[in-house]
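Work through the exercises below with the sequence and the model open. Each task is followed by a solution in steps.

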Amino acid sequence: MLHHLLRQAALPVATDSAPTGVTGALRELAPSRRNFLKTVAATGALVVGARLPSPALAAGGAPAGIVGPADPRPHLFVIIAPDNTVTVLAKHLDKGQGIVTGLATIVAEELDADWAQMRGAFAPADSKLYGNHFFGIQGTGGSTAIANSWDELRMAGAAARAMLVATAAARWSVPVGEVRVAKGVVSHAASKRSATFGELAQDAAKLPIPQNVALKAAKDYTLIGKPGLHRLDHASKTDGSAVFAMDIRRPGQVTAVLARSPRFGGTVKSVDDKAARAVPGVIDVLTLPVGVAVIAKNTWTAIKGREALAITWDDSKAETRGTDQMLADYRKLAEQPGAVAANTGDVAKAFASATKVVDSEFVFPYLAHAPMEPLNATVALNPDGGCTIWAGSQFQGVEQMVVAHVLGCKPEQVKIETQWAGGSFGRRATTNADYIAEAAIIAKAYGKAPVHLVWTREDDIQGGRYRPLFLHKIKAAVDANGVISAWQQRIVGQSFMAGTPFEKMMVKNGVDVTSVEGASDMAYPVANLAVDLHSPASPVTTLWWRSVGHTHTAYAKEVMIDQLAKAAGKDPVAFRLAMLKDHPRLANVLKLAADKAGWGQPLAKGKGRGVAVHESFNTYVAHVAEVTVNDKGHVTVDRVVVAVDCGQVVNPDVVTAQMEGATGWGIGHALRGEITLTGGVVDQTNFDGFLPLRMSDMPKVEVHLVDSHERPTGVGEPGVPTSAPAVANAVFAVTGKPVQTLPFSRGGMV
Amino acid sequence: MIRITVNGQERQVDVPEDMPLLWVLRDELNMTGTKFGCGIAQCGACTVHVDGAPTRACQTPVGSLAAGAKVTTIEGASGKVAEAVRAAWQKLDVVQCGYCQSGQIMSAIALVSANTNPTDADIDAAMDGNVCRCATYVRIRAAIKDAAQSVRA
């Protein structure tokens, strides 16, 4: 079974870090500059050369043109072409977060390039050359990309610059120290000579890679942290020319859709495919362990063919409960102690002497990622027994290993052409390469032509890999001085790490860290703290979802804090600030957001402000939300102020965009997002049931960036955790009722 | 054979009449700028213009198009308003993943063509059918106002 493939593959993951939110892991992993450059040189990872990128490459499209004739090993980060373009090869997937632009900014800075000459393209799949230093394999996630590439791309840019300077100095017979580089022009003032990068590139490529280069001081940056650098993908994504995996058209390709069990864990019992085969344009119907694949000459026909299938499913091992029953089971489980995630002081003793105790139960539904581009991948079998995959590939290293098992080839024979991805939010990063493995299985079984496997939106909404359903039970007390004296939290929800190759790394003493991150390690100092966890199993598949455990832990924590502040008779901002004396970066974003939002200023009747602050992925974010609650109890989110400290900002507009988007993501799902099951079958099928945030829901968003020269951290996820609790706390300020069951629509608030 | 006019060019396609225009564009004509997002007219990623009116291609059977109907896709959108909308989108770096933006832009062009001074309520009404999971809505709103202003100027 697919679930076991990766385990057999002995995935060489890093042992001391994690793909998501393990606080502190990133801090320990800053490589020394000197060692890093040695590594770069040893692998030849920087080549400045005469390789001509294809026109598609220049437009930021497929990396088809990166392999030069003289060097078939395309282990490059920077290509400087004679046409004076500088192409940065991104080993990370760009699914909208703007990483191609961010990585290019880092290189351009050290290279002293002109922004107009910068291009971006996706690196080929190769974990040895392009591994994520936090994962040990190639992959994107956990808001690691900038932190991961910060050193290696500054090194690459600086080394390339040094090679251009040395080439110019030799060509002009002038001292290296007199050659200057600015805005893409190499010059020598005394002799009034100058050259473009393109004019120097071919000769520069002949030089050895420098073994020691100086990196710029932050005060000398002209591009990093500066406004005005447009996204490299903004033109191709406004004229229809950007190529997503969905747009791949290989010669002779066929389209496949797959009928999967309507219940998680179900398998095919019998199939009547006569009617499906009779649909004109249907080429084949294949019954496979993953489901029944209909192969057709185009997507529409494949979908019609699938509708004509009559399948009997074996549900003997399937989930047959509904989510109401699952939640009832979770509540029962919560009556018993779970695996201990945090235990300091003596909670029982503290409660015994407490005067003000707050008891809360929080319920978080299953949530789908529903990226705008439905999952899809094209697989072409190659004569060597391997294949080429075109996909919005997020975990290339995992996908190569899984598909190698499917095909019986070596991982390096699985070529991946990474494409621009139409969103992910965690969905494209799976521990068993689910949809890409499906495509490979179908391509192998069909065998006659490249196969494009397309998930419909219904497949996506009903296809699992959800943010798990979670129940939190929290009891906390404030003492006579208004200090939190005790906090007991029991969390119940599925572990999506259990049973995967990441289990050993992510599940410690029965505690999946992704289920408790943000709770067991919360910044607020509580002398008596107990957090424990139940991880009930279910065939319903679950997965990390933008900001992972923090999606629910930060919400429960921050809504609870407002209830405790009220019990203590304290202002929510002042209550938090008093507890954050040892967390200056958290305190700072909290103060910044509160100041910019006009915290404390009077609001009209029916309006309220709420705040939340949280650290995730080593980035610090505070939200202040303003809401209106009308006389029917309906909530409108009017305005949101965000403050973020992500260390050194690389591209401020990209960071701002991520905060805007993450705010919408958090609020949209809090308002209406939920996946429910009845009798094991998902109730929602499409965007008419799983209701997305729309234009009229979107508040005004103001983003404030902390000016910092700390090492840069990620921004894709950290804007999510505080957005929804800030809104909930604003509602609490108006109504006096904490919002403890999500989505808000459950409480008739939208 | 069905005849349709796409971006000013007459094309012939050998498909059933009930095949949605979306799949004719994407799979038969290889015009992939128009996107598949939901298939039930709930997300707007497939928005094209039929005789200038924003239309969900996924719910438009190709056989239902009137004879001589002019289909315009993101690849063919041109003219003063289209240029202003694209320029505003680029100036404000609206896009994130970009997958919905063909549809967003086609809806925005239709809005600004009909109303060169849209209010927030006008924008809500015209754009609520276009989903952006990256939630670029703040910038879409700003870009529509920017484009409308440059069309007025």
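**Exercise 1: a helix in chain B**

Just after α1(B), Asn30(B) has a positive phi of about 55°. The model is a predicted one, in which local features need pLDDT of at least 70, side-chain atom pairs count only at pLDDT 80 or more, and totals for chains, interfaces and linings use all residues. Residues are numbered from 1 along each chain as its sequence is written, and chains are lettered from A and ligands numbered from 1 in the order in which they are written.

Task: state which residues of α1(B) are buried, and what covers them.

Step 1. Helices (H or I, at least four residues) and strands (E, at least two) are DSSP runs, numbered from the N terminus. A residue is buried if 20 or more other C-beta atoms, placed from the backbone, lie within 10 Å of its own, exposed if 12 or fewer, and partly exposed in between.

Step 2. The buried residues are Leu21(B), Leu22(B), Trp23(B), Val24(B), Leu25(B), Arg26(B), Asp27(B) and Glu28(B). That is 8 of the 8 residues of helix α1 (residues 21-28) of chain B, so the helix is largely enclosed by the rest of the structure.

Step 3. The cover over these residues includes α9 (299-307) of chain A, as well as β2 (9-13) and β5 (70-72) of chain B.

**Exercise 2: the domains of chain B**

Task: locate the two domains of chain B and describe how domain 1 meets domain 2.

Step 1. By an automatic or database domain assignment, chain B has domain 1 (2-72) and domain 2 (80-152). Their centres, taken over C-alpha atoms, are 21 Å apart.

Step 2. In the contact, 14 residues of domain 1 of chain B meet 11 residues of domain 2 of chain B. On the domain 1 side, β3 (47-50) and β4 (53-56) of chain B give two or more residues, and β3(B) has the largest share, 3 residues.

Methods
Two residues are in contact if their C-beta atoms, placed from the backbone, lie within 7 Å.
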